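Let's walk through a protein model together, one feature at a time. Have a look at the picture first, and then we will begin with a single side chain.

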Amino acid sequence: MLFFFCFLWCKDATFIRPPSFISMKMEETNTHLIKRCRRGDKTAQLALYKQFAQQLYVACLRIVGDASEAEEAMQDSFLKIFTRLDQYQDGQCFEAWIHRIAVHTAIDYMRRQLPGREELTDNYTEPDDDGPDEEEIRYSVAQVKEACKKLPAGYRVILSLYLFEGYDMEEIASILKIRPPSVRSQYLRAKRKLLNIIAANKENG
C-alpha cells in the first residue's frame, strides 16, 4: 500500500517540476515579484496571487474538504503570505514556503470547525486488522480522491498531508503537534477506512 500511494502521489502531484531552465526563470520572476510585494506593490501582489492561487486552493480543499471553506483558507493564506514576506529568506524555495503557510492555515480552519475530534489526539493504539484485503481491491487515483472526501476530518488531513502534499511522518507530527507513532497509527486507521469506503463504493457501483 505504501509503495502504491507513493506512486499515486508522484503520478498525480499538483506540482510537476519543470525543466531546470524554466524553473530558474520562474525563480527569477518570483524574486522580482517578492521584492515588489514587500514594497506594497498591489500589481505584484495580484500577479503572485494569480500564479499560486489554484495550487494553494487545491491544497486547502484536500484538508478542509469543503469548497467554500477552502476558498476562505486560501484567501487567508495569501493575507499571511503578504504580511510575512519579511520572514521569507531569499534562497528558500518560495513555493514550499507559501505551501506550508497554506497547509497550516487549512488545518487551523479544520480545527475551529471540529473542536475535540478524536482522530488527531496523541493516543497510540494499533489499528484493527479486519476489513477488506487491499490486494483484492483495484483502485484508481480518482477513486482514492473521491473516497478521501468521505473520511472523517482528522483521517483526511493525515492522508492528504502524506499522500498528496508529500510530508513524511515526522513532518506531519510536527505540523499536528502529536507524536510520530500516533501519526503512523492514525494513518494506518485512515488507510483501512479508505479501503472500506472504496470497497463499498465498488459494491454499490
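Start with Arg62, which is buried, at a relative accessible area of 14%. Here, buried means under 20% relative accessible area, exposed means over 50%, and partly exposed is in between (1.4 Å probe, protein chains only). Which residue forms a salt bridge with Arg62? The partner is Glu165, and the closest N and O atoms are 3.6 Å apart. A salt bridge is a side-chain nitrogen of Lys or Arg within 4 Å of a carboxyl oxygen of Asp or Glu. This pair links distant parts of the chain, since Arg62 is in helix α3 and Glu165 in the loop between α7 and α8, 103 residues apart. Glu165 also counts as buried, at 11% relative accessibility. Helices are DSSP runs (H or I, at least four residues), numbered from the N terminus.

Before going on, keep in mind that this is a predicted model: local features need pLDDT of at least 70, side-chain atom pairs count only at pLDDT 80 or more, and totals for chains, interfaces and linings use all residues. Residues are numbered from 1 along each chain as its sequence is written, and side-chain values use heavy atoms, with hydrogens and water left out.

By the salt-bridge rule, the count comes to four. Another of them joins Asp90 and Arg38, at 3.5 Å from N to O. Asp90 is in the loop between α4 and α5 and Arg38 in helix α2, 52 residues apart. Asp90 is exposed, at 57%, and Arg38 is partly exposed, at 31%. Glu146 and Lys149 meet in a salt bridge too, at 3.5 Å from N to O; Glu146 is partly exposed at 37%, while Lys149 is exposed at 60%.

Now turn to the rings. Rings of Phe, Tyr and Trp (its six-membered ring) pair if their centres lie within 6.5 Å; planes under 30 degrees apart count as stacked, over 60 as edge-to-face and the rest as tilted. This gives seven aromatic pairs. One of them is Tyr49 with Phe78, a tilted pair with 4.7 Å from centre to centre and 55 degrees between the planes. Tyr49 lies in helix α3 (residues 42-64) and Phe78 in helix α4 (residues 67-83), so the pair ties together parts 29 residues apart in sequence. Tyr49 is partly exposed at 23%, whereas Phe78 is buried at 4%. The rings of Tyr88 and Phe94 have centres 5.2 Å apart and planes at 85 degrees, so this pair is edge-to-face. Ring pairs also link Phe52, Tyr88, Phe94 and Trp97 into a cluster.

A nonpolar core is a set of buried Ala, Val, Leu, Ile, Met, Phe, Trp, Tyr and Cys residues joined through side-chain atoms within 4.5 Å. Of the 55 residues in the largest such core, Ile81, Phe94, Leu161 and Leu176 touch the most other members. Helix α5 gives the most to this core, with 10 residues.

Finally, how far can we trust the picture? pLDDT is the predictor's confidence in each residue, from 0 to 100. The protein chain averages 79, and 73% of the residues score at least 70. Among the elements, α4 has the highest mean pLDDT (96) and helix α1 (residues 2-11) the lowest (42). Over residues 1-22 the pLDDT stays under 50, and over residues 130-137 it is below 50 as well. Where pLDDT is low, the predicted coordinates should not be read in detail.

Conventions:
Helix = DSSP H or I, 4+ residues; strand = E, 2+ residues; numbered from the N terminus. Contact = heavy atoms within 4.5 Å.
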